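User: Hi, I'm new to this one. Please put it on screen and walk me through it.

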Amino acid sequence: MSKPASDISIKPTISRYPVPNLDNLPADILERILAVQEKAKFIPNVFLALAYRPAEFRAFFAYYDAIMEREGSTLSPAEKEMIIVATSAANGCQYCVIAHGALLRVFAKEPLLADQIAINYLHAPIKLKQKEMLSFSVKLCRTPELIQESDYVALREHGYDDEDILDIAGVTAFFGLSNRMAIVMNMQSNAEFYTMAREVRK
């Protein structure tokens, strides 16, 4: 006797597009994936999903490296992750909120902060300067046509310079791309991200 449809559990795949076998990947892409696996102890699904198109994989992660690891940036890794979580939540991107929420917890050593920022950064226990950064990011994310000189003035009044503003914009813009690709690809987060850094690090 077959089970009723309501009793059948559906195991989601990590992407609506084919996920290539590791053995079939170009050497440079496999090398990057294995390096991430060695560091994280698992392979984040974004790497496997985007490997479907190798040229785009390379371009995506080259730009990721350029903005997230830019030498001379005064934004901390935690602040960059704040931008990603706030704007990904505004865009409704489940994958990026979950994955980068985990990274924010790791960098900030605050197990509740990512959830607070994802729900409403204005109520999160962060500095006023960081709230101004996120206000600009979310505005650029959702209504870029409304960005005007007063937005830059507000950032400068909180201590950001033109290089900082370009960093904030770069992270916001890149993850606007990432959010939309993750949504269209129906990218699913690794289970490991949900529980990562949920305990206070001492």
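User: Let's start with Lys-41: is Lys-41 buried or exposed?

Analyst: Lys-41 is exposed, with a relative accessible area of 68%. Buried means under 20% relative accessible area, exposed means over 50%, and partly exposed is in between (1.4 Å probe, protein chains only). A word on the ground rules: this is a predicted model, where local features need pLDDT of at least 70 and side-chain atom pairs count only at pLDDT 80 or more, while totals for chains, interfaces and linings use all residues. Residues are numbered from 1 along each chain as its sequence is written, and side-chain values use heavy atoms, with hydrogens and water left out.

User: Thanks! Where is the place of Lys-41?

Analyst: Lys-41 is in the loop between α1 (27–40) and α2 (45–50). The helices here are DSSP runs (H or I, at least four residues), numbered from the N terminus.

User: And what is phi of Lys-41 near?

Analyst: Phi of Lys-41 is near 75°, a positive value in a residue other than glycine. For context, most residues other than glycine have a negative phi. Asn-186 also has a positive phi, near 55°. Asn-186 lies in the loop between α9 and α10 (191–195), and Asn-186 counts as partly exposed at 36% relative accessibility.

User: New topic: how many aromatic pairs does a search of the whole structure find?

Analyst: The search finds 13 aromatic pairs. Rings of Phe, Tyr and Trp (its six-membered ring) pair if their centres lie within 6.5 Å; planes under 30 degrees apart count as stacked, over 60 as edge-to-face and the rest as tilted.

User: Why is the pair of Phe-57 and Phe-61 called tilted?

Analyst: The planes of Phe-57 and Phe-61 are at 55°, so the pair is tilted, and the ring centres are 4.7 Å apart. Both residues lie in helix α3 (residues 54–68), four residues apart, about one turn of the helix. Phe-57 is buried at 3% relative accessible area, and Phe-61 is buried too, at 5%.

User: What about Tyr-63 and Phe-174, how far apart are the centres of their rings?

Analyst: Those centres are 5.5 Å apart, with the planes at 55°, so this pair is tilted. The pair links distant parts of the chain, as Tyr-63 is in helix α3 and Phe-174 is in helix α9 (residues 162–184), 111 residues apart. Tyr-63 is partly exposed, with a relative accessible area of 42%, whereas Phe-174 is buried at 2%.

User: Which residues do the ring pairs link into a cluster?

Analyst: The cluster is made of Phe-47, Phe-57, Phe-60, Phe-61, Tyr-63, Tyr-64, Phe-174 and Phe-175.

User: Switching to pockets, what is the volume of the largest pocket?

Analyst: The largest pocket has a volume of about 870 Å³. On a 1 Å grid over the protein atoms alone, a pocket is an open set of points where a 1.4 Å probe fits, with protein on both sides within 12 Å along at least five of seven lines, and lining residues have an atom within 4 Å of a point. A volume is the space filled by probe spheres set on the points, which are joined across faces, edges and corners.

User: Which lining residues are the closest to its centre?

Analyst: Of the 30 residues that line the largest pocket, the closest to the centre are Val-36, Lys-39, Phe-47, Tyr-64 and Leu-103. Helix α5 (94–108) gives the most to the lining, with seven residues. By class, the lining has 22 nonpolar, two polar and six charged residues. Ala, Val, Leu, Ile, Met, Phe, Trp, Tyr, Cys and Pro count as nonpolar, Asp, Glu, Lys and Arg as charged, and the others, Gly among them, as polar.

User: How much space lies in the second largest pocket?

Analyst: The second largest pocket holds about 230 Å³. Among the residues that line this pocket are Tyr-17, Arg-53, Glu-56, Phe-57 and Phe-60. Its lining has 10 nonpolar, no polar and two charged residues.

User: Last one: how many disulfides are there?

Analyst: The count is zero, where a disulfide is a pair of cysteine sulfur atoms within 2.5 Å. Cys-93 is in no disulfide, and the nearest cysteine sulfur, that of Cys-96, is 3.6 Å away. Cys-93 is buried at 1% relative accessibility, and Cys-96 is buried at 2%.

Note on methods:
Helices (H or I, at least four residues) and strands (E, at least two) are DSSP runs, numbered from the N terminus.
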